[in-house]
Amino acid sequence: MLHQIKDFASGFFVTGDPLIYGADASIVLVAAAIVFTLTYFKKWRWLWREWLTSVDHKKIGIMYILAAFLMMFRGGVDALLMRAQLAMPDYQLLKPDHYNEIFTTHGVIMILFMAMPFMFGLFNVIVPLQIGARDVAYPFLNALSFWLFFAGAMLFNLSFVIGGSPDAGWLAYPPYSELMYNPGVGQDFYIWGIQISGIGSLMTGINFIVTILKMRAPGMKLMKMPLFPWSVLSSCIAIIFSFPILTATLALLFLDRYADAHFFTLDGGGNPMMYINLIWMWGHPEVYIIVLPAFGIFSEIVSTFSRKKLFGYHSMVYAMMIISVLSFLVWAHHFFTMGSGADVNAFFALSTMLIAIPTGVKVFNWLFTMFRGRITVKTPMLWTIGFIPCFIVGGLTGVLLSVAPADFQFHNSYFLIAHFHQVIIGGVVFGYFAGLYYWWPKMFGFHLSERIGKWAFWFWNIGFYVCFMPQYVLGLMGMTRRVVSYSWDKGWWPLNFVSTIGAVLMGIAFLFQAWQIFNGIKHFRARRDTTGDPWNGRTLEWSIPSPAPHYNFAVLPEVGMLDDWWEKKQRGEHQRSAFIAEEKLEPIHMPKNSGIPIVMAGCWFLAGFGFVFHWLWLTIPGLAGVAFCMLAHSFHYDTDYYIPVQEIKETEAALWKGTIS
Amino acid sequence: MEGDDFMNSSSLKAEQMHHPGSGHGHPDPEEMRTFGFWIYLMTDIMIFGTFFATYIVLRHNTDGGPGPADLFDLNGAIVSTFLLLTSSYTCGIAVLALNKGKKRALIGWLALTAALGAIFIGLEINEFCHMVHEGATMSRSAFLSAFYTLVGTHGLHVTVGLVWMIALMAQLSAKGITPVTKRKVNVISLFWHFLDVVWIFVFTVVYLMGVK
């Protein structure tokens with residue numbers, strides 16, 4: 001009996017690596033600390049009522065961003081481990097197998113479990129406030145999306161201590177990801193982690209399209225809408241057309257592994273290149289999905305901190321929509337080396353180069369917005385200014401990569417690695433940081449330290465160039481991606497060593513950000529934002545108190561033009577909600593909290609775990625639980641309530657206290 | 001804390017107020033849900049599109065095993081097609097009954113729709129069992145993997161639609177025709193017609209082009 005348990009545990013848990021044992025211990029300690037703290041301060045009930053069952057878009061947004069930061073920590077540690085391994089030739093910090101796992105999880109986590117939730121967090125917090133809505137179109141579905149993302153992320157991260165991590169790269173190319181070559185459970189964790197969170201992403205895409213198209217405040221025509229919601233709309237359009245392809249493709253890979261099918265196997269008539277085509281039909285739109293909202297954020301910030309209307313609003317809107325469409329026509333540039341022939345490669349090379357045009361339009365629009373503006377350089381603006389040169393260099397190396405014949409040289413080299421990190425860190429991450437710093441006072445009602453923020457910015461920015469500029473050169477010198485080690489005679493070590501220093505600088509930058517947040521929480525009383533409009537903003541979210549009340553707008557705003565709040569301030573017609581006459585208030589219709597989303601996501605987690613280990617006894621109850629939750633929701637009719645006028649009055653009075661007296 | 005307060009203090013319940021959502025500058029929530037369902041259908045088209053593309057790419061990769069012409073019985077597929085098309089017709093009549101406010105007729109036509117759908121699923125399971133019996137399993141070749149996945153995904157959708165339809169009939173008999181149940185019937189009829197359209201493509205691409 002004891003022997004059997006030992007046997008099972010040695011296969012079930014990941015063993016034999018001191019790094020993993022350290023992680024095991026820290027996971028247990030952190031979990032125990034969380035449980036103890038919640039119990040000691042009697043916060044379980046509060047947690048359940050206020051957060052875990054909440055359908056409030058602002059709280060869901062904050063939970064997304066919190067999860068994204070945790071994932072950024074995990075993905076960042078992966079990155080530092082890789083850079084440590086590559087700092088010197090013939091170094092043996094990580095075994096090759098472990099290295100494979102780390103570059104795989106780094107990629108998956110950073111794109112799917114860091115960038116995506118960070119983006120959805122900003123969507124959630126800001127979009128309804130900017131368009132003058134009281135919530136998203138489907139608040140219940142929104143909560144479900146979050147919890148599915150969370151269940152998927154946890155399932156994926158579990159592979160690190162239970163069963164073993166995936167090691168076939170962030171897109172799990174077959175045939176290596178097939179059962180024949182990869183018999184462990186790592187790839188199954190990969191499939192189900194992404195599959196479950198992917199359903200959530202898809203539903204978020206639908207939710208925000210409907211929210212933006214149907215829930216805008218009276219008078220806000222589409223062309224009077226701020227640019228961030230426009231960018232969200234273009235991103236969500238790409239989501240609804242690309243994420244189903246991901247779902248279908250991973251389902252096929254799963255059938256190969258689970259049901260012995262032959263879609264992508266080398267035998268039985270399967271075709272691995274079919275997978276690579278399909279996955280990039282999702283994968284390429286995906287990178288635009290995450291970068292378009294960053295463009296929206298920069299547009300808002302540039303305009304606010306230059307005290308000017310955005311230059312070329314219409315061209316900005318068209319540029320984003322064109323990018324969203326073109327993103328579906330470039331997938332094969334990820335594998336020009338497939339051998340599809342000169343004509344196919346020429347098509348994809350040209351369509352890739354075309355994307356540079358709308359992107360260039362956007363860069364010029366930002367520059368012209370700043371031109372002759374009264375620029376104030378606060379942290380959000382600092383990130384925006386840092387982004388522009390970084391993204392231009394990243395974009396230009398992208399154009400170099402799009403030249404199909406040259407790509408045969410660059411393909412899978414460090415030149416490529418440097419390119420996509422430059423557009424993703426310089427574009428996406430800088431963009432989301434800019435957005436987080438910009439909207440932080442609105443989300444939490446207090447300011448963060450500008451001084452620490454500037455340290456974080458410079459460490460990130462300098463660290464970025466120190467880390468990735470050498471990698472372009474390394475790529476041209478012949479260093480390919482995913483190598484675990486290299487010998488002294490290659491001559492690569494000086495540049496690799498410099499690159500590692502850059503990675504450490506970015507790690508320090510992350511610590512500065514963590515410090516900045518702790519410091520802000522510590523001094524939050526002194527740093528309260530009592531104005532609701534700390535940056536002298538232009539859009540509707542700045543017309544309400546910080547943080548926004550749960551119903552957002554006591555009375556829905558009437559919108560007359562673009563940058564309505566700014567224009568009203570210029571004319572002296574702006575009115576804060578504290579001054580709204582009582583007769584104008586009406587009871588507000590709100591959705592009720594629900595425990596179904598978190599329970600249903602938990603059932604998905606169990607079903608996914610059962611699929612990973614081929615445990616039908618767990619899969620079947622898990623799926624049954626999912627079905628039961630759906631039916632329970634369908635039969636549940638008591639889903640909304642009204643906030644009475646008296647309560648709105650009291651809430652507004654409390655929120656504006658200290659500002660207006 | 002905040003949550004508790006406003007939940008207890010709200011004396012007004014949504015159901016007591018007529019027509020939630022109207023007059024607040026936001027569109028009718030039921031209309032919005034129907035709109036969202038249209039978008040969901042677009043995502044489902046992408047899923048089927050991916051499976052169709054996979055099938056078309058892999059359908060000649062039989063790996064020496066049986067091909068479409070050896071396996072498919074066109075008569076069976078025609079019967080299935082007529083069953084599903086008829087169920088779409090009865091589903092349409094159900095929606096007409098809904099619009100006239102005839103609850104019993106509505107439930108009756110929905111039940112007939114579900115029954116036709118159930119026979120369709122029964123025939124499909126029967127066909128699959130036959131094929132497996134002849135050794136044409138999913139693991140035999142890439143063509144068969146793609147066939148079972150494409151046709152099976154459609155079948156799975158129909159099955160989910162059946163469960164959903166039964167749940168909806170229960171709600172209709174309990175609550176009657178309200179704005180909420182009305183939207184639900186409209187949405188499931190969209191789903192049902194959508195599956196019919198997908199089936200027409202399955203019938204053409206898989207069966208007609210297969211035996212040709």
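**Note on the chain A–chain B model**

1. Chain B averages a pLDDT of 89, and 88% of its residues score at least 70. This is a predicted model, so read the rest with that confidence in mind: pLDDT is the predictor's confidence in each residue.

2. Helix α6 of chain B (residues 142-175) is highest, at a mean of 97. Helix α1 of chain B (residues 2-9) is lowest, at 38. Over residues 1-24 of chain B, pLDDT stays under 50. The model still has 44 contacts beyond four places in sequence for that stretch.

3. For the complex, the predictor gives an ipTM of 0.94 and a pTM of 0.94.

4. On the interface: 53 residues of chain A are in contact with 54 residues of chain B. The two chains bury about 4,700 Å² between them. Carbon and sulfur atoms account for 69% of that area. In chain A, the residues that lose the most area to chain B are Lys214(A), Tyr637(A) and Tyr642(A). Together they make up 16% of what that side buries.

5. What of polar pairing? Polar contact links 9 residue pairs between the chains, counting pairs with both residues at pLDDT 80 or more.

6. Which elements of chain A touch chain B with two or more residues? They are α3 (44-52), α7 (186-214), α8 (227-258), α9 (272-306), α19 (616-634) and β2 (640-643) of chain A. Of these, α8(A) gives the most, with 9 residues. By type, the chain A side divides into 30 nonpolar, 12 polar and 11 charged residues.

Notes
Residues are numbered from 1 along each chain as its sequence is written. Chains are lettered from A and ligands numbered from 1 in the order in which they are written. This is a predicted model: local features need pLDDT of at least 70, side-chain atom pairs count only at pLDDT 80 or more; totals for chains, interfaces and linings use all residues. Side-chain values use heavy atoms; hydrogens and water are left out. Contact means heavy atoms within 4.5 Å. Buried area is the accessible area (1.4 Å probe) that two parts lose on being put together, summed over both. A polar contact is a pair of N or O atoms within 3.5 Å; within protein, one must be able to donate a hydrogen and the other to accept it, and residues adjacent in sequence count only if both atoms are side-chain atoms. Helices (H or I, at least four residues) and strands (E, at least two) are DSSP runs, numbered from the N terminus. Ala, Val, Leu, Ile, Met, Phe, Trp, Tyr, Cys and Pro count as nonpolar, Asp, Glu, Lys and Arg as charged, and the others, Gly among them, as polar. pLDDT is the predictor's confidence in each residue, from 0 to 100.
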